[in-house]
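Hi,

Here is the structure I promised to pass on.

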Amino acid sequence: MGYPLTLTMTARILFLLTGVCLLEGPLRSVTAFSPIVASVTKSNCNDVHQNEIELTFREKLDRIALGYEQHIDRTMQMMQMEIELSEKTEQCLLRDSTGDRESRALLSEKIHLKYQSMKKCLDANCIVVRRLLFGWEDTDSTKEKTLFESIDCIPSKNDMNSLMMGNGGVTDAKMKETDGYDTAQQVITHAARDWTSGSKSCRDATNGWITRAISENSFGMSNDNIHILVPGSGLCRLAYDISTCDSLLKSGHKICVEANDSSITMAFAAKSVLDLVQKQAVSKLYPFVSDPQRNEIYSAKRFEMQVFPDEKALSAYENYFSLKKVCPNLTYTVGDFSTTYSQESKRGMYNVIATSFFIDTATNIYQYISIMKHLLRKDEHSIWVNCGPVQWHPCAMLRPTVDELKDILKACGFDLITWEIASEAVAYRHPDDFAPVEARYTREEGYRPLRFVAHLKDHEITNDLGERIEYIEYLNRIANGEIKE
């Protein structure tokens, strides 16, 4: 059976995860899945309203899955055209000069072979996408554990459509489910980058740096609950790594991690990945099969398979449970960062804020910085830790350079304990994307992350932050031409 989804009109979603599945053989895998079982509860809420909300969630995920199926159809149609074009071209130009041996070297034959591999890999990915969006079947519930304590969904101004669309740095609402962050292809990309062993070196340079920085700066923090917020969590690997960090656990700290993202698609996919972690099971995907057909060096690399979750993630869960006898304290909040965390109820809630691949999603960076100030506890040990690119997204209206950003943070009351640009470039997704040996492409795709640890020394309280954020968003819309003054 599937895992229950409970949604209340106070915008609280509780994912109940139970069971650990240990599967035999060299490759642990889960082959069966079932749709999420959803129920909507609210006092004095009629059945019609309940069904409408449930249907809205299901339609959202169905659109994402259907979009990937349409992507497969377009890809295969394009390859069929390439086969026909190459065959006719070769017949016209080479028909008198090629034998059987030479014909096997022609492009048409190679595209035929790629067509078969492409179809196999895309069909496999399509199954994985549906499993990530709609959940895995628990075939062996041998233990009672709960990995996620809860997932909260907080609409902007009580607008459920804001949760359906997400953000991810895309300004056009129609593009968010087709070309933006809220797509099946992005789910595959994030699953590969965040949860496969092949991308371990990429994570070590980002997630690894952040967890080490938190551990090194945790001295002096109370051994009572340390509350850590991870905005822009995506598929939740950074939040998971912090919640199971061995050095933090051995220091005696009680870690409470809250992940946040604007995409409900990513939240459902994260929940499904963590289902696998909890079951000690794995699946497979082909993360490179839909890459653009340009700059490729080796055709076979497109069809490389990756297994997720990686062994380190699986062992971290078991190690945590063996040590603590409970599951990691990890929650997930779905909602717009600015709207959700500028609320008065969030003031001073967090000892640590950890950001990666996040600050450059800001429409107006001053919003994010002011909210960070609002969220951090007013003591000498609370910190903001960042590691990631400064690749301002299309939605950004202000795009400061790194040195300008440094001055902004200081002007806003932050003391910079650590500030550096990494000396070596990091691949965005996989080390082969940026490798001197066995490179995947003639063009390299990498970045040198900005890393900083910032302590808030200015504890000035802003009582009307929510109103100020609304006004800044009004200014953003004016600057973007959405409204006139």
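Helix 5 passes helix 9 in a right-handed crossing. Right-handed here means the near helix is turned clockwise from the far one by less than a right angle, left-handed anticlockwise. Helices are DSSP runs (H or I, at least four residues), numbered from the N terminus.

This is a predicted model: local features need pLDDT of at least 70, side-chain atom pairs count only at pLDDT 80 or more, and totals for chains, interfaces and linings use all residues. Residues are numbered from 1 along each chain as its sequence is written, and side-chain values use heavy atoms, without hydrogens and water.

Back to the pair. The axes of helix 5 (residues 184–195) and helix 9 come within 11 Å and cross at roughly 40°. Axes are lines fitted to C-alpha atoms over the stretch in contact, with angles from 0 to 180 degrees between N-to-C directions. Helix 5 contributes Gln186, Val187, His190 and Trp195 to the contact (heavy atoms within 4.5 Å). Helix 9 answers with Thr265, Met266, Ala269, Val273, Leu274 and Val277.

Helix 9 (residues 264–279) also meets helix 10 (residues 311–324): their axes come within 8 Å and cross at roughly 65°. That crossing is right-handed. Leu276, Val277 and Gln278 of helix 9 touch Ala313, Leu314 and Tyr317 of helix 10.

Lastly, helix 6 (residues 200–216) bends by about 35° at Asn207 (the angle between axes fitted to the seven residues ending there and the seven starting there). Asn207 is among the buried residues of helix 6 (under 20% relative accessible area, 1.4 Å probe, protein chains only).

Best wishes

Conventions:
Helices (H or I, at least four residues) and strands (E, at least two) are DSSP runs, numbered from the N terminus. Buried means under 20% relative accessible area, exposed over 50%, partly exposed in between (1.4 Å probe, protein chains only).
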